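Keep the structure open beside you as you read.

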Amino acid sequence: MNPKKDKKISRFLSLILRHQPEAIGINLDKNGWTDLDKLIEAFRESGNQIDQDTLLRVVENNDKKRFAISEDGKRIRANQGHSVDVDLGYSPAIPPEILYHGTHLPAVDSIIKNGLDKRKRHHVHLSQDVATAIKVGSRRGGAVVFKVLSGEMQENGHEFFLTENGVWLTEHVDPRYLIKMEYPRL
Ligand code: HQG
């Protein structure tokens with residue numbers, strides 16, 4: 001096992017299962033699933049040798065549990081983060097009073113003015129804790145963290161969904177529900 005290589009495979013899987021299945025000629029069904037055997041075959045044909053054990057290991061060990069295997073063990077999908085049109089079938093759930101969103105400095109003014117938009121993804125992604133939000137924000141440089149008044153939003157009729165890997169999703173967050181944290185601490 002080679003952690004660096006596994007990370008590369010995970011990145012590639014995210015690209016294929018969330019954004020560009022056509023890049024290696026596979027299809028996702030309406031719920032985002034694709035056949036494991038066909039995926040492995042398509043990986044091979046695109047010059048990426050991978051066997052089933054490696055793929056299952058990458059899914060199992062993934063730091064954010066980004067992928068799920070179907071109950072019958074035959075299909076795979078990404079748990080969240082899609083830009084392609086899929087219905088993940090998550091039911092509305094009651095969020096905690098406060099959730100967090102990590103972002104980067106250049107986005108702050110626009111977020112304060114316009115709220116959180118889903119951009120290319122299906123939903124705005126929110127974290128359960130500050131540490132995760134800092135990590136998300138750090139992907140683009142120094143992190144800025146917003147508190148989201150999710151309890152109040154839900155009371156006012158906004159829907160929230162909890163993905164299988166613990167990410168909270170919602171359609172949009174109005175600026176009135178956002179508080180910028182001055183010194184986010186772990
Ligand atoms: C920002 C990763 C300006 C938003 C992470 C973010 C997450 C605005 C960027 C998951 C804005 C969108 C999602 C506004 C939002 N004006 N900027 N009005 N509203 N933004 O990648 O939340 O590793 O689509 O703050 O860990 O960063 O891929 O969303 O910076 O869970 O599994 O627009 O992706 O998970 O960026 O990340 P993204 P995100 P994975």
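## Around the ligand

Helix α4 supplies three residues to the shell around the ligand, the largest share. This is a predicted model, so please read the distances below as computed from its atoms.

How many residues surround the ligand? There are 18 of them, and the closest are R18, K64, H101, T103 and S110. Sorted by class, the shell holds eight charged, six polar and four nonpolar residues.

| Side chain | Distance from a ligand oxygen atom to a side-chain N or O atom |
|---|---|
| H101 | 2.7 Å |
| R121 | 2.7 Å |
| R139 | 3.0 Å |

How much of the ligand does the protein bury? On its own, the ligand exposes 780 Å², and the protein buries 88% of that. The space that the ligand takes up is the largest pocket.

Which elements give two or more residues to the shell? They are strand β4 (99-104) and helix α4 (108-114). H101, listed above among the closest residues, also has a side-chain N or O atom 2.7 Å from a ligand oxygen atom.

Finally, a look at the domains. Both domain 1 (3-77) and domain 2 (99-181) give residues to the shell, so the ligand lies between them.

Conventions. Residues are numbered from 1 along each chain as its sequence is written. This is a predicted model: local features need pLDDT of at least 70, side-chain atom pairs count only at pLDDT 80 or more; totals for chains, interfaces and linings use all residues. Side-chain values use heavy atoms; hydrogens and water are left out. A residue is near a molecule or strand if one of its heavy atoms lies within 4 Å of it. A polar contact is a pair of N or O atoms within 3.5 Å; within protein, one must be able to donate a hydrogen and the other to accept it, and residues adjacent in sequence count only if both atoms are side-chain atoms. Accessible areas come from the Shrake-Rupley method with a 1.4 Å probe; for residues, only the protein chains shown count as cover. On a 1 Å grid over the protein atoms alone, a cavity is a set of points where a 1.4 Å probe fits but cannot get out, and a pocket is an open set with protein on both sides within 12 Å along at least five of seven lines; lining residues have an atom within 4 Å of a point. A molecule sits in a cavity or pocket if more than half of its atoms lie within 2 Å of its grid points. Helices (H or I, at least four residues) and strands (E, at least two) are DSSP runs, numbered from the N terminus. Ala, Val, Leu, Ile, Met, Phe, Trp, Tyr, Cys and Pro count as nonpolar, Asp, Glu, Lys and Arg as charged, and the others, Gly among them, as polar. Domain bounds come from an automatic or database domain assignment.
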